[in-house]
Amino acid sequence: VGASCSAAQEASKNLCQVLESELQCCREDYERPPMLANAPEGFQVTERSGDAQVVLTREYNEEKITIAFECVQEGEEFVDDGFEDEDEDEEAEELDPELAEELKDDMEYVGMEYVDFNVHVVKGDRILTAECVADIGGYTIQQVLLEDPNPKEDVIAYEGPEFATLDEELQEGFVQYLEERGVDSALGAWIVVMASDKEDREYATWLEKVKAFVADDA
């Protein structure tokens with residue numbers, strides 16, 4: 001029993017050392033992206049340590065606009081070499097000049113390639129939801145849903161067609177509708193940078209908590 005206990009303590013000690021090494025690397029490599037110095041214009045940002053979700057809210061006339069996304073993405077991919085080609089450079093230059101410069105600075109670190117997010121436009125008990133995907137060049141709409149405030153259990157609600165199948169003029173109308181409410185290319189880029197930064201910070205916190213747990217046995 002004594003030998004088994006000793007082996008377990010040694011394994012815990014080794015794991016603690018590896019966790020501490022990884023944590024130190026995270027701390028040394030971390031740098032707050034300049035783009036995140038300010039919240040997107042008109043929005044209030046809400047996030048909590050330990051919570052993967054980030055929520056942005058604002059009022060627009062008599063509407064409440066809520067944008068939600070998570071720092072953990074299923075099958076997430078990362079980019080780590082900034083703007084490599086002319087197409088990506090052009091994407092940056094289409095944005096506000098100051099934002100484009102920040103974007104190039106921010107892209108010097110490893111970041112997510114895309115982030116799913118939802119935009120909820122609330123009018124009373126009615127909610128229009130746009131399911132979107134952000135990338136470093138902006139964002140795209142995947143689907144637009146009008147949620148039923150009183151859904152029936154025996155009814156499979158029609159959620160509308162895929163956004164890409166809509167008439168181009170209708171697609172452009174939805175894009176302009178969201179842009180008027182603060183959802184634009186700059187916001188899409190901000191979401192990607194914020195999600196990447198949030199993931200880095202949550203990972204470091206996770207390492208700290210796991211290390212503290214394992215250290216009890218070391």
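Ala, Val, Leu, Ile, Met, Phe, Trp, Tyr, Cys and Pro count here as nonpolar, Asp, Glu, Lys and Arg as charged, and the others, Gly among them, as polar.

## The model

This is a predicted model, where local features need pLDDT of at least 70, side-chain atom pairs count only at pLDDT 80 or more, and totals for chains, interfaces and linings use all residues. Residues are numbered from 1 along each chain as its sequence is written, and side-chain values use heavy atoms, with hydrogens and water left out.

The average pLDDT (the predictor's confidence in each residue, from 0 to 100) is 86 for the chain, and 81% of the residues score at least 70. Residues 83-89 fall below 50. Where pLDDT is low, the predicted coordinates should not be read in detail.

## Two helices

Helices are DSSP runs (H or I, at least four residues), numbered from the N terminus, and strands are E runs of at least two. Helix 4 takes in residues 168-180. Asp167 caps its N-terminal end, with a side-chain oxygen 2.9 Å from the backbone nitrogen of Glu169. After helix 4 comes Gly182, with a positive phi near 95°.

Then there's helix 5, residues 185-215. At its start, a side-chain oxygen of Asp184 comes within 3.3 Å of the backbone nitrogen of Ala186.

## What lines the cavity?

On a 1 Å grid over the protein atoms alone, a cavity is a set of points where a 1.4 Å probe fits but cannot get out; lining residues have an atom within 4 Å of a point. The largest cavity is lined by residues including Val119, Leu128, Phe174 and Tyr177. Strand 6 (114-123), strand 7 (126-135) and helix 4 each give two or more residues to that lining. By type, the lining has eight nonpolar residues, one polar and no charged.

Technical notes
Contact means heavy atoms within 4.5 Å. The expected span of a helix is 1.5 Å times one less than its number of residues. A polar contact is a pair of N or O atoms within 3.5 Å; within protein, one must be able to donate a hydrogen and the other to accept it, and residues adjacent in sequence count only if both atoms are side-chain atoms. On a 1 Å grid over the protein atoms alone, a cavity is a set of points where a 1.4 Å probe fits but cannot get out, and a pocket is an open set with protein on both sides within 12 Å along at least five of seven lines; lining residues have an atom within 4 Å of a point.
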